[in-house]
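I set out below what I looked up in this structure. The entries follow the order in which I consulted it.

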Protein chains: 2
Amino acid sequence: MKGCPYGTHRVIEPKGLLPQPAWRINNDMEIYDNEILIDVISLNIDSASFTQIKEQARNEGRTVESIVSETVERRGKQHNPVTGSGGMLIGTIKEIGALLKGKIDLMEGDKVATLVSLSLTPLKINKIKNIREDSDQIDIEGQAILFESGIYAKLPKDMDEKLALAVLDVAGAPAQTARLVNPEDTVVVIGAGGKSGILCLYEAKKKAGAKGKVIAIEYSKEGCDRIIKSQLADIVIQGDATNPIAILESILEVNAQNLADITINCVNIQNTEMATILATKDRGKVYFFSMATSFTAAALGAEGVGKDIDMLIGNGYAKDHSEIALGILRESKTIRDMFEEIYV
Amino acid sequence: MKGCPYGTHRVIEPKGLLPQPAWRINNDMEIYDNEILIDVISLNIDSASFTQIKEQARNEGRTVESIVSETVERRGKQHNPVTGSGGMLIGTIKEIGALLKGKIDLMEGDKVATLVSLSLTPLKINKIKNIREDSDQIDIEGQAILFESGIYAKLPKDMDEKLALAVLDVAGAPAQTARLVNPEDTVVVIGAGGKSGILCLYEAKKKAGAKGKVIAIEYSKEGCDRIIKSQLADIVIQGDATNPIAILESILEVNAQNLADITINCVNIQNTEMATILATKDRGKVYFFSMATSFTAAALGAEGVGKDIDMLIGNGYAKDHSEIALGILRESKTIRDMFEEIYV
Ligand SMILES: NC(=O)c1ccc[n+]([C@@H]2O[C@H](COP(=O)([O-])OP(=O)(O)OC[C@H]3O[C@@H](n4cnc5c(N)ncnc54)[C@H](OP(=O)(O)O)[C@@H]3O)[C@@H](O)[C@H]2O)c1
Ligand SMILES: NC(=O)c1ccc[n+]([C@@H]2O[C@H](COP(=O)([O-])OP(=O)(O)OC[C@H]3O[C@@H](n4cnc5c(N)ncnc54)[C@H](OP(=O)(O)O)[C@@H]3O)[C@@H](O)[C@H]2O)c1
């Protein structure tokens with residue numbers, strides 16, 4: 001049987017929607033002829049989602065495990081009902097539907113990362129084996145399904161799986177940064193010490209060039225030290241992005257009273273839209289990669305302060321994004337060492 | 001006393017935020033020296049918000065009046081807690097703070113429209129006089145405050161106040177459309193029969209030119225007829241934007257299997273992100289003006305179908321947006337007649 005390439009055949013409610021916005025999808029693991037079945041190794045929970053889950057677990061005296069299991073049971077996918085975000089997974093190809101077999105560059109037994117969000121991926125968890133809180137990763141026994149339109153990457157052979165999983169999760173961010181930054185730009189990266197933040201700093205510096213300026217804003221002392229040591233930014237500011245006025249003033253101070261040509265938001269918490277908007281100069285650009293971004297807060301916030309800027313929604317996909325992200329690990333020993341320490 | 005130009009001095013909770021994202025602001029009507037006090041004539045509730053309020057009133061057996069009053073009482077502003085959006089207002093300048101007097105082009109007694117969202121505007125309603133459900137407008141007795149950074153427009157003398165209020169509410173949309181559309185583009189406008197939709201059709205046609213193509217998607221028969229009669233689009237499709245596959249197929253059918261260079265979303269309901277994304281070709285652009293847009297649904301939805309498109313958040317402000325919007329009414333008798341019928 002052939003399903004819809006986009007997976008609408010698995011939507012249970014509300015009918016008519018695509019699997020991502022749907023509340024609940026069918027996670028029956030018998031595949032359609034144009035689906036791919038994956039034996040899952042690990043999930044990488046999106047950072048905004050994992051941050052919310054940990055907080056909820058603390059507040060309700062529950063475990064991360066029970067919250068994740070409940071979500072997948074209720075929705076048929078790891079689609080955080082609070083943040084709306086997902087993550088991605090790595091696994092081994094178990095079965096390729098008859099209509100796809102031989103027509104795609106995958107074989108049963110290949111190891112892949114899915115490059116579509118967990119928020120639309122049919123998932124069944126049999127057992128949660130290990131939760132790695134520091135890296136947002138969860139090792140499970142279970143299965144998942146990739147639709148015909150779903151994108152994926154074969155896991156590279158020259159690095160650890162967990163490292164590849166971590167980097168591919170945020171592959172969209174450096175790819176978009178590379179596109180958006182022009183030579184001589186002043187670029188502000190907010191949440192610069194995190195996974196996507198570090199990758200964005202690297203691409204920003206490469207594109208802005210010697211005459212450009214890359215300003216990193218990071219919350220923790222450790223994060224700031226990491227950026228300083230790695231020399232990925234021209235200026236590092238330790239600050240809280242939920243305090244827009246303080247961020248604005250510190251940028252003006254370190255940058256001769258000038259604002260950013262482009263600001264990239266890579267935080268994993270809410271209420272950082274205004275700091276991002278105020279950091280950016282008129283007719284500048286903002287790239288919201290953070291999944292904790294509120295559409296209305298950004299749209300009405302910019303209007304509220306009369307800022308004529310272009311604000312981009314962080315599309316997780318861009319052409320060649322996985323190659324660009326993995327390429328950074330191959331180019332920069334500094335970043336590879338830093339990430340291996342955290343994620344492997 | 002001088003307040004923060006952005007209004008942080010009026011934020012009650014959570015502290016540190018700007019007034020837009022804040023949950024509650026101080027609507028005490030004694031002004032700071034850099035604030036402006038306005039005697040409000042009418043509110044224009046944002047369409048996504050008004051649609052939600054009407055639905056809630058129906059479901060809970062309440063009146064629109066009681067829901068609006070409750071929100072303003074609780075939050076100190078008309079900031080819809082469900083949709084996150086606001087609207088704008090017209091009124092008469094009652095008092096100008098000492099620090100602003102003589103330094104701005106306003107005098108007490110001038111009639112203005114605020115061009116910042118109601119979701120950040122301190123508001124006190126003494127009496128709701130009249131609710132005009134067809135035009136999303138509410139006449140009240142009450143007062144509001146404009147911060148130093150808040151933008152406004154003097155009401156034009158060559159048209160009815162209610163007409164100006166209606167058009168200025170969505171002034172960002174035609175201004176952004178004019179910027180984004182290039183000659184010969186295929187432009188799809190979703191929710192094309194509404195207020196912002198009609199203005200976007202006009203600008204799209206002007207910019208795309210004779211070799212371009214403007215495709216209007218509209219839900220109701222009346223709306224479609226209105227567009228056809230006014231000749232604002234090359235092709236009119238009656239369709240439901242919550243059904244992405246149907247919209248995709250109808251666009252391919254009428255447009256020789258080609259997708260849009262740019263798609264503009266002007267609907268007032270949820271779950272239309274996927275139709276917008278599917279309508280757009282690879283490396284095309286999407287402009288989400290709708291306040292019912294979900295950030296995660298757009299970001300993860302595009303990724304989920306591997307669409308490499310640039311998605312813009314509908315910033316309500318763009319340079320000269322009020323002049324552009326009012327200019328359309330002066331240029332096009334068709335649109336002016338159409339809008340006078342609805343809004344005056
Ligand atoms: N658009 C997409 O397709 C997509 C895909 C994947 C992920 N994402 C999103 O991208 C964001 C970043 O992901 P990630 O994996 O890079 O996250 P991450 O590694 O957890 O990094 C988050 C960063 O934000 C910083 N931060 C937290 N609170 C802050 C504050 N108040 N002020 C300034 N900085 C603050 C953190 O600093 P500390 O460590 O010091 O707290 C950390 O450096 C998340 O929101 C995630 O959901 C989007
Ligand atoms: N970004 C900003 O700064 C800003 C400022 C103001 C407003 N907005 C937002 O912009 C949007 C449009 O505002 P507006 O004042 O132009 O609204 P409007 O006049 O009420 O128009 C909404 C349009 O959407 C259509 N629609 C509704 N459901 C639909 C469906 N299922 N499929 C296709 N079309 C559908 C409506 O058709 P029918 O009439 O046939 O139902 C109508 O033509 C709203 O979401 C509003 O909140 C944004």
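**Entry 1: a pair of strands in chain A**

I began with a bridge: A:Lys124 has A:Gln143 as its partner in strand 7 of chain A. Strands here are DSSP runs of E of at least two residues, helices are runs of H or I of at least four, and both are numbered from the N terminus. I note that this is a predicted model, in which local features need pLDDT of at least 70, side-chain atom pairs count only at pLDDT 80 or more, and totals for chains, interfaces and linings use all residues. Residues are numbered from 1 along each chain as its sequence is written, chains are lettered from A and ligands numbered from 1 in the order in which they are written, and side-chain values use heavy atoms, with hydrogens and water left out.

I then looked up the strands themselves. Strand 6 (residues 123–132) of chain A pairs with strand 7 of chain A in the antiparallel sense, over eight bridges; pairing requires that DSSP finds at least two bridges between two strands. The two strands form a hairpin with four residues between them. In the turn, A:Asp136 has a positive phi of about 60°.

**Entry 2: A:Gln137**

I turned to A:Gln137, which lies in strand 7 (residues 137–146) of chain A. Is A:Gln137 buried or exposed? I found A:Gln137 buried, at a relative accessible area of 0%. Buried means under 20% relative accessible area, exposed over 50%, and partly exposed in between, with a 1.4 Å probe and protein chains only.

The side chain of A:Gln137 makes a polar contact of 3.3 Å with the side chain of A:Asn44. A polar side-chain atom of A:Gln137 also lies 3.2 Å from the backbone oxygen of A:Lys162. A polar contact is a pair of N or O atoms within 3.5 Å; within protein, one must be able to donate a hydrogen and the other to accept it, and residues adjacent in sequence count only if both atoms are side-chain atoms. Leaving aside neighbours within four places in sequence, the contacts of A:Gln137 include A:Leu43, A:Ile131, A:Leu165 and A:Tyr343, where contact means heavy atoms within 4.5 Å.

**Entry 3: A:Arg10**

I looked up A:Arg10 in the segment before strand 1 (11–13) of chain A. A:Arg10 is buried, with a relative accessible area of 1%. The side chains of A:Arg10 and A:Glu35 are joined by a polar contact of 2.8 Å. Not counting residues up to four places away in sequence, A:Arg10 touches several residues, among them A:Arg24, A:Tyr32, A:Pro122 and A:Phe147.

**Entry 4: the two copies**

I next compared the chains.

**Entry 5: the ligands**

Where does ligand 1 lie? I found ligand 1 between chains A and B. It is surrounded by 26 residues, and A:Asp46, A:Ser47, A:Ser196, A:Glu218 and A:Val267 are the closest. A residue is near a molecule or strand if one of its heavy atoms lies within 4 Å of it. A nitrogen atom of ligand 1 is 2.8 Å from an N or O atom in the side chain of A:Asp240. Taken alone, ligand 1 exposes 930 Å², of which the protein buries 88%; these areas come from the Shrake-Rupley method with a 1.4 Å probe, and for residues only the protein chains shown count as cover.

Residues from chains A and B surround ligand 2, so the site is shared between chains. An oxygen atom of ligand 2 is 2.6 Å from an N or O atom in the side chain of B:Ser196.

**Entry 6: strand 12 of chain B**

Strand 9 (residues 186–190) of chain B runs parallel to strand 12 of chain B, joined by four bridges.
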